[in-house]
Amino acid sequence: MEKENKDERSDSSSKGKVATEGFMGILFAVIALGIMFWVGVRLMEPYPTYKTPEEAVYEAKMELAKAPADESMSEGMKEAGEVGDEKASKDLAGNKKDPICGMNPYNSPTRLEVLYSDGSRTANVSLACFFQFSDQHAEHGIIPTDIKVVTYDTWQSEKPKLIDAKSAVYLVELEALPQGSMPPGVVAFSSEADAKKFQPDLGGRIVGFEEMEKFVRDFLKEQS
C-alpha cells in the first residue's frame, strides 16, 4: 500500500511538472507569435504621408546646416565649403548653377556669394552675371545686402578667401579670360599689392569697385 502511494505521488509530481513545462512552452510561443505579429504589422505600415524618405533626408540636411560649424573643421572649409551632399557653410548659397550663365560658380576664379534683402543667397560665376541677376532682383525691390567675392590668388587653395566686394581691388581688361569665369576679364584681390603680383601675367589695370562696375556694365551694354 505504501509503495502504491509513493507511485501515485510520483506520477502526480511528474504530471504536474509536464503540465508546468507545457504551459511555459505555450506561453513563450504566444509571446513569440505576438512579437512576430507586431514586427510584421510595423513593416507593412506605409511611410507617414506627411513626410516621405526624401523629405526626411532633406529636413536632416537642413538641421545640419543650422548647426554650428564643427570646431575641428578647417577655416578654409568653413568659409569656402563645398556643394551638394558635401560639406557646406551656412554662409554659402550652394547653387550648382549660376542663374544667369548656368555654369557652376564653385569652379570659378571670380565667384561671388551674395545675400539679398529678402534673405536669399545666390552664388554667381562672375561680376557680369552678378550685376545682371541683381538688376533683376532690384525690379522687385530686392537688393544685395552683403556681397563677397573670392580672391584670385586664393580661389584654388585649401582656404579660398571671400572678401567684401566693395572694398576689393580688381584687375580689369585682362589679356586672357581666366578659365571657369565669364567675360569680361575681371579678377579680385585683397590689396593693390596682391594685384600687382599678378599683373605681369594677367595684364589689365588696377581699379576699385566703382570703376570695375562701370567697366562691366559698359561691356554688358555693348553685348545687348
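**Figure 1. Pairing of V149 with I163 in the predicted model.** V149 has I163 of strand β4 as its bridge partner. The coordinates shown in this and the following views come from a predicted model. Strand β4 comprises residues 162-164, and three bridges connect β4 to β3 in the antiparallel sense.

**Figure 2. Antiparallel pairing of strands β1 and β3.** Strand β1 (residues 112-116) runs antiparallel to strand β3 (residues 144-150), and five bridges join the two. Within this pairing, L115 has D146 of β3 as its bridge partner. In a regular strand, side chains alternate between the two faces of the sheet.

**Figure 3. The aromatic pair Y170 and F209.** Seven aromatic pairs are counted in the model. One of them, formed by Y170 and F209, is tilted, with a centre-to-centre distance of 6.5 Å and an angle of 55° between the planes. Y170 belongs to strand β5 (residues 169-172) and F209 to helix α6 (residues 209-223), so this pair ties together parts that lie 39 residues apart in sequence. Both Y170 and F209 are buried.

**Figure 4. The aromatic pair F189 and F198.** The ring centres of F189 and F198 are 5.4 Å apart and their planes meet at 35°, so the pair is classed as tilted. F189 is buried, with a relative accessibility of 0%. F198 has a relative accessible area of 25% and is therefore partly exposed, since the buried class requires a value under 20%.

**Figure 5. An aromatic cluster containing Y170 and F209.** Y170 and F209 belong to one aromatic cluster together with F130 and F131.

Key: Residues numbered from 1 in each chain as written. Predicted model: local features only at pLDDT ≥ 70, side-chain atom pairs only at ≥ 80, totals over all residues. Heavy atoms only, no water. Pairing = 2+ DSSP bridges. Helix = DSSP H or I, 4+ residues; strand = E, 2+ residues; numbered from the N terminus. Phe/Tyr/Trp six-rings, centres within 6.5 Å; stacked < 30°, edge-to-face > 60°. Buried < 20%, exposed > 50% of the residue type's maximum accessible area, 1.4 Å probe, protein only.
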